[in-house]
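Here is a short report on one protein model. Keep the structure open beside the text and look up each residue as it comes.

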Amino acid sequence: MTAGVREEPREAVRPRTPRRLPLPTLLALLVGFAGVGYRLALLFADVPPTNSDEATMGLAALHIARGDGFPVWFYGQAYMGTLEAYLAAPLVALAGPSVLVLRVPTLALYALFLLLSWRLTRRLGGDRWYALLVVAVLALGADRVVKNQLIAGGGYPELNPAGAALALLTVGLCGTGPGARLPRWAAWGLISGVLLWVDPLILPYVLTLGALLVAWRRRELAGRAGAVLAGALLLGAAPMLVDSIRHGRNPVAAVLAAGGTGASADWADRLYGALVLGPPLAMGFCSPGRCATWQLWWAVAFPVLLVLAAFTAWHTLRRASGGPPSAERVSAGVRLALLGGAAGVVAAYALSNAAGQTPIESSRYLSCLAVAVPALLRPLWRTARRLTGRPVARATGFAAAAVLAGVLGTGAAATVDVIRTAPDVHAEADRHRSLVDTLGALDVRNVRGGYWTCNRLTYATGENVVCAVVDDDLTPGFDRLPAYRREVAADPGAAWVAPAGSPLAARLDERLGTESGALDVVTVAGWRIYLPRP
């Protein structure tokens with residue numbers, strides 16, 4: 001006798017259990033969403049405060065959306081590319097001009113930076129809990145940090161995700177077979193070229209990561225890979241190159257001039273701005289617009305960590321030398337390149353006069369130090385895990401854990417300070433909206449005002465109000481778009497706008513009167529509008 005066995009459907013043999021994310025990965029996802037959500041809430045509260053420089057990028061986006069022009073550079077200068085304007089232009093076309101639509105792309109860039117940083121930390125050999133720590137540090141948002149990440153004022157929001165992407169591509173290029181690398185070479189070149197057009201502040205990372213590729217892949221670069229990379233780099237930098245050739249402009253000279261080469265700052269002031277104030281501000285340890293003494297502890301910890309992390313990466317690199325690059329060697333090499341790039345960023349900033357002249361505001365030049373966080377904090381994390389064993393190991397472990405707790409605690413305190421200032425910032429934005437509404441009710445189309453008034457007002461009205469810049473003594477100021485001055489000059493009934501209590505308002509108050517040619521004043525909360533008498 002034979003017995004038959006009935007076949008079961010394949011799906012019924014092994015029921016699949018849904019894969020669950022590991023706990024640290026799930027927590028990193030939640031922390032990342034919290035970081036993005038926090039920044040989204042700030043945007044709806046008009047934080048960080050906008051200004052005329054951001055409005056200048058908005059005007060570029062407005063002109064692109066209308067097809068009125070396709071600017072290569074930030075208006076009024078021959079450096080700092082307008083990538084943010086091109087990213088925002090579709091939103092401006094759909095929703096009209098506003099600060100919020102300008103910042104939606106920058107918020108997306110920040111979210112991309114978090115994702116790339118998590119991935120980079122994992123690819124560099126960090127465990128999931130360490131990747132969670134990196135995301136938590138980058139999710140905090142102090143005053144200088146959220147300004148760098150969210151204000152569409154040119155260059156800063158795109159630097160960090162691009163730097164993290166270059167580091168990830170470098171890991172892949174050093175660790176995969178030649179046949180799988182041509183698209184990565186193209187991506188590496190394209191990102192580098194775009195960065196050179198947008199803002200050269202990231203150049204130290206491009207150079208150190210590029211040097212690593214030359215050291216380990218020079219034979220490949222001598223062939224098709226080099227041609228692909230060079231072609232992609234030229235494509236990314238094409239807006240800068242074509243404009244420079246057409247108009248004879250030198251963006252390098254323009255960048256150096258922006259660093260304050262015309263006025264010399266004392267070296268003591270430069271070093272104080274670059275080494276004492278700069279790192280805590282860039283890391284997000286300081287309150288809005290200032291650094292308290294207790295928040296400066298990172299100025300001591302940063303160089304120590306930089307040297308320690310570089311030494312451990314170099315030691316690993318030397319120990320694993322010989323033969324093709326292993327995963328350990330690739331990790332050590334890329335970490336060393338990131339740390340070298342961070343050191344180069346600080347050195348370049350220290351050489352600029354801006355570090356000594358305007359250290360609080362100019363600390364934005366150090367914003368891309370965040371790219372190196374996965375490499376910088378790694379020694380602390382590895383040491384903090386040694387809380388068992390010999391007394392010395394336990395002591396160093398507790399010390400490292402205390403420093404990491406200080407990083408999170410100081411950053412959290414500075415983040416809370418931003419939240420506390422949000423109502424005041426929102427109230428100021430409401431006052432500006434009242435100014436716009438009042439000008440519309442008065443049917444005012446042309447005005448004169450200060451630099452920090454003009455382009456902000458023009459963008460907020462979608463160019464329904466055009467503003468020409470004047471200095472406090474009523475003489476012509478710096479107009480980034482000269483056409484605005486010509487239009488205002490042609491209007492004999494052009495008004496004046498000034499913040500209440502400003503030197504410009506005081507000067508205009510002297511021209512109030514009842515005779516012909518004098519000025520009448522209309523007050524709005526925080527603003528004064530001066531109308532010429534017929």
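## A loop residue with a positive phi

Asp443 sits in the loop between α21 and β1 (446-449). The model is predicted. Phi of Asp443 is near 60 degrees, a positive value in a residue other than glycine. That deserves a second look, because most residues other than glycine have a negative phi.

Asp443 counts as exposed because its relative accessibility is 52%. Its side chain also takes part in a salt bridge with Arg445, at 3.2 Å from N to O. Arg445 is partly exposed, with a relative accessible area of 40%.

## The loop between α2 and α3

Now move to the loop between α2 and α3 (52-66), where Pro48 has its place. A cis peptide bond joins Val47 and Pro48, with omega at about -5 degrees. Most peptide bonds are trans.

Asp46 lies in the loop between α2 and α3 as well. Phi of Asp46 is positive, near 65 degrees, and the residue is not glycine. Is Asp46 buried or exposed? Asp46 is buried, because its relative accessible area is 18% and the cut-off for buried is under 20%. Asp46 also belongs to a network of salt bridges that links it with Asp430 and Arg433.

## Salt bridges

How many salt bridges does the structure hold? The count is 18. Side chains of opposite charge can pair when their charged atoms come close.

One of the salt bridges joins Asp417 and Arg420, whose closest N and O atoms are 3.4 Å apart. These two residues are three apart in helix α21, so about one helical turn separates them. Asp417 counts as buried, at 17% relative accessibility. Arg420 counts as exposed, at 63%.

Another salt bridge pairs Arg533 with Asp520, with the closest N and O atoms 3.0 Å apart. Asp520 is in strand β4 (residues 519-524) and Arg533 is in the segment after β5 (527-532), so the pair ties together parts that are 13 residues apart in sequence. Arg533 is partly exposed, at 30% relative accessibility. Asp520 is partly exposed too, with a relative accessible area of 31%.

## A nonpolar patch on the surface

Next comes the surface. Leu21, Leu23, Leu26, Leu27, Leu29, Leu30, Phe33 and Trp129 form a nonpolar patch there. Together they have about 770 Å² of accessible area.

Which helix gives the most to the patch? Helix α2 (residues 23-44) does, with six residues. Phe33 is found in helix α2. Phe33 counts as exposed because its relative accessibility is 56%.

## Two cavities

A search of the whole structure finds two cavities of 30 Å³ or more. The largest cavity holds about 300 Å³ of space. It is lined by 26 residues, and the closest to its centre are Leu138, Val145, Ala282, Met283 and Ala370. Elements that give two or more residues to this lining include α6 (128-139), α7 (143-150) and α14 (267-283). By class, the lining of the largest cavity has 20 nonpolar, six polar and no charged residues.

The second largest cavity holds about 30 Å³ of space. Among the residues that line it are Thr106, Tyr110, Gln149 and Pro161. Helices α5 (99-123) and α8 each supply at least two residues of this lining. The largest share, four residues, comes from α5. The lining of the second largest cavity divides into five nonpolar, three polar and no charged residues.

Conventions: Residues are numbered from 1 along each chain as its sequence is written. This is a predicted model: local features need pLDDT of at least 70, side-chain atom pairs count only at pLDDT 80 or more; totals for chains, interfaces and linings use all residues. Side-chain values use heavy atoms; hydrogens and water are left out. On a 1 Å grid over the protein atoms alone, a cavity is a set of points where a 1.4 Å probe fits but cannot get out, and a pocket is an open set with protein on both sides within 12 Å along at least five of seven lines; lining residues have an atom within 4 Å of a point. Grid points are joined across faces, edges and corners, and a volume is the space filled by probe spheres set on the points. Ala, Val, Leu, Ile, Met, Phe, Trp, Tyr, Cys and Pro count as nonpolar, Asp, Glu, Lys and Arg as charged, and the others, Gly among them, as polar. Patches are made of residues with over 30% relative accessible area and no salt bridge: like charges are joined within 9 Å, nonpolar side chains (Val, Leu, Ile, Met, Phe, Trp, Tyr) within 5 Å. Accessible areas come from the Shrake-Rupley method with a 1.4 Å probe; for residues, only the protein chains shown count as cover. A salt bridge is a side-chain nitrogen of Lys or Arg within 4 Å of a carboxyl oxygen of Asp or Glu. Buried means under 20% relative accessible area, exposed over 50%, partly exposed in between (1.4 Å probe, protein chains only).
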